[in-house]
Amino acid sequence: MELLSLFKSYLEILRDHHESINSGRSSYGELSNIEDFGNYLIIGIKLADRNVKFQSSERVLIDDTDAIVEHYRKGMYYFRIRPGLEFSQGSKVLVSSTSDLVFLVENMLKNLDEVTSSEEYSLFVRNLYSESNNESWQVEKVSKIVRNGFTESQNKVISTTLNLLNLEKGIIPVEGPGGTGKTECIAEICKQCIKLKKRVLVCSATNLAIDNVLSKLLDEDNVLRIGSDTSIERQEVKKFSLKNKLGNKFDYDSVVKDSFVIGSTIDSAGIHLKNEEFDLVIIDEASTVELPKLLIALMKSKRVLICGDTQQLTQFIEHRVLKKLGVNMSEEEIRTLHQSPFELISKKWASSGKTLYLLDNFRNSKQVFDFINENFYEGRMLFKSGSEFEKQKARSLSEIVTADEITWIVPHRSDLELDSRGIFNPVKFSNRYSNSYFNYGNLILIIILLKKLLKTYTPKEIGIISPFNAQVSLMREFVIRFPEYILDREYKNELEKTKLGFYLLNSLNINTINKFQGQEREVVVFDFTSNADFLFRDHKKLNVVLGRSKKQIIMVGLPPRSPVYQKLFEVSTTFGDVELADYSLAFTMTDQDISEFKEIKDLVLSIKDSDFAPKDIEEHLKKELVNMALEKNKKDVVALKLNKNIDSIVSETLREFFSMDVVDDKTYDNLENEIDLKIKELIQQKKQGPLFGY
């Protein structure tokens, strides 16, 4: 199959897959309210499908018209639209999200058609996947000190990119492992471009990568962040949001045109910036971006800085989609789809000496740095973090967290298994789509370690990683169900406990390896869950895990037999009653440790009887809020038969609050106060009766 036709076929299969599982968010509704504010209109629409939800400042289509979600109030969504559009009260309209998967894939298909019709870009793609070098796109390095405070490799990236602005076209690939100051380099390039009045698009597949850059531009004025306020992951960046920039007008085009630096996910750039061109496009975290998505960014400018790390994970194709691809494509064609375009660019440019490398590691502790530098980066990196770990002798199971920078616990065959034989064996979990694994014993051990870690670190400084969704779900469910146990904190009632669980779950980062890529934490706990060799053939997974930690990493489970994992085991401080372990768990554990293990085991095994899961925590919060309201107003509820009314008030208020711009710790208290006020008003109206207008 011809190359571009292959990717088109892939996107069509992907679109059909998303359509088959009904991933779209859209609903018909009746236009009930129109207010004219001169520069813009606010229209209220009551959606027919109550299950469809939108976020404040999200971009949507009302029929074929661009709109921005303002807020949700009293059963109705309010949208901001341009003046002069032909909408009338009572008319039926279709409201559709522009961020749903079917819509995004269709956008990639449209962009791919444009690439196919462009001789220059289609030749670039064909050359990229063949033996040709695309020499016309390669850029000579420039070594110039831009500003003191940057390292030699950082100055080279900045000066080469600024020089690119004087050229007709060029692509500069930068190999920037985590912690090498890539974000600082991109921010400096943006500042220089603002001074030069050059327009820059900063884009990535993730919101966090964009916000990390924009957070370093807070003193600049001509900066815009495309996307809903709820998609902005750093609070301070919301000053650049589309909603804030628009103010009390709807001149979207002028806001975009007046911005020299625009931050956007690649998907959003393809939708909301489709008619825009830039002097420079900067693509961050490009290792994970597949070709059809990457082409959206490449079509925005012929001058591109593309940053990634070929030793990190590449794009991921879902198992169900792979099965469908296998019906229509050969193994070789599927391997082509899996190839990272960033890796192809980096390697081809490197053969001509045109790839740039950021060399200074400012993140990892010395032991972690030495290991990843030797095993993944050919010894080219330089240690700059200066991070040192103060080792302490572990006198109990929980104190292992203070033992070393790299610690490895192998609980198999230890005394912890005496009354729980096989508890550290992985358990296979299957659904209709895929298989996964969970491990009760590892989870229990991690809860013990987490309680100790929280004496030193805040929840936001801790990351917990597993390769398996099933284990991640099990961990999250324990956190949401037993937060008081982890935090060693009492709660007044079930609602207080639920809020505690929300706080802990939102603060801790518990995720799979793929979803943790691009982030960092002071301490990372890695749960192997299973050590099956086929699961760890891709050694890049280990690099992702190790590279996330700033101070220490703790691993739990049997080491896989792969040589790189065996090497890591040898340089770690190891605890376990297995061959080659540095310290025996039997001599480290106390009677209290074994007692605590049994106590947590009972809690973990009770999870299967839980009536909610993390994905349903908003529903659980609703249930507890309803119970609180019913209990607080018990007498009036019975006398006035208010059960259904209270359920409705809680549901509506929850939706209002969770469509707001900011959801933080105070949100939950404000939510309760708002519910109390509405219920008091309802009771007063009921008692006054129809003579008083109820």
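Modeller: A residue counts as buried when its relative accessible area is under 20%. W408 has 0%, so W408 is buried. Keep in mind that this is a predicted model.

Biologist: Which aromatic residue does W408 pair with?

Modeller: W408 pairs with F569, edge-to-face. The ring centres are 5.2 Å apart, with 75 degrees between the planes.

Biologist: Where do W408 and F569 lie?

Modeller: W408 lies in strand 16, residues 406–410, and F569 in helix 21, residues 563–571. The pair therefore ties together parts that are 161 residues apart in sequence.

Biologist: And F569, buried or exposed?

Modeller: Buried, because its relative accessibility is 8%. W408 and F569 also belong to one aromatic cluster, along with F526, F528, F536 and Y565.

Biologist: How many aromatic pairs are there in the whole structure?

Modeller: The search finds 19. One of them is Y77 with F79, a tilted pair. Their centres are 6.3 Å apart, and the planes make 35 degrees. Y77 is buried at 2% relative accessible area, and F79 is buried at 0%.

Biologist: Let's zoom out. How is the chain divided?

Modeller: Into four domains. Domain 1 covers 21–98 and domain 2 covers 118–361. Domain 3 is 383–606, and domain 4 is 614–688. The centres of domain 2 and domain 4 are separated by 45 Å.

Biologist: Now the strands. What does the barrel look like?

Modeller: Six strands close into it, in the order 1-2-5-4-3-6, with antiparallel pairing. On average, neighbouring strands are turned by 45 degrees against each other, direction ignored.

Biologist: How many bridges join strand 4 to strand 5?

Modeller: Five, between residues 65–73 and residues 76–81. In that pairing, V69 stands opposite F79.

Biologist: Switching to packing. Which residues touch the most other members of the largest nonpolar core?

Modeller: I462, F478 and L625, in a core of 69 residues. Helix 15, residues 440–453, gives the largest share, nine residues.

Biologist: Where does this core lie?

Modeller: Between domain 3 and domain 4, because both give residues to it.

Biologist: And what is I462 in contact with?

Modeller: Leaving aside neighbours within four places in sequence, the contacts include L450, L453, L454 and Y457. L508, N509, R521 and V523 are on the list too. Apart from this core lies another, of 57 residues, with L3, L112, I262 and L325 among them.

Biologist: Last one. Is T512 buried or exposed?

Modeller: T512 counts as buried, because its relative accessibility is 7%. T512 is found in strand 20, residues 509–512. Beyond neighbours within four places in sequence, its contacts include I465, P467, F468 and V472.

Conventions:
Residues numbered from 1 in each chain as written. Predicted model: local features only at pLDDT ≥ 70, side-chain atom pairs only at ≥ 80, totals over all residues. Heavy atoms only, no water. Domains from an automatic or database assignment. Pairing = 2+ DSSP bridges. Helix = DSSP H or I, 4+ residues; strand = E, 2+ residues; numbered from the N terminus. Axes fitted to C-alpha atoms, helices over the stretch in contact; angles between N-to-C directions. Core = buried A, V, L, I, M, F, W, Y, C linked by side-chain atoms within 4.5 Å. Buried < 20%, exposed > 50% of the residue type's maximum accessible area, 1.4 Å probe, protein only. Contact = heavy atoms within 4.5 Å. Phe/Tyr/Trp six-rings, centres within 6.5 Å; stacked < 30°, edge-to-face > 60°.
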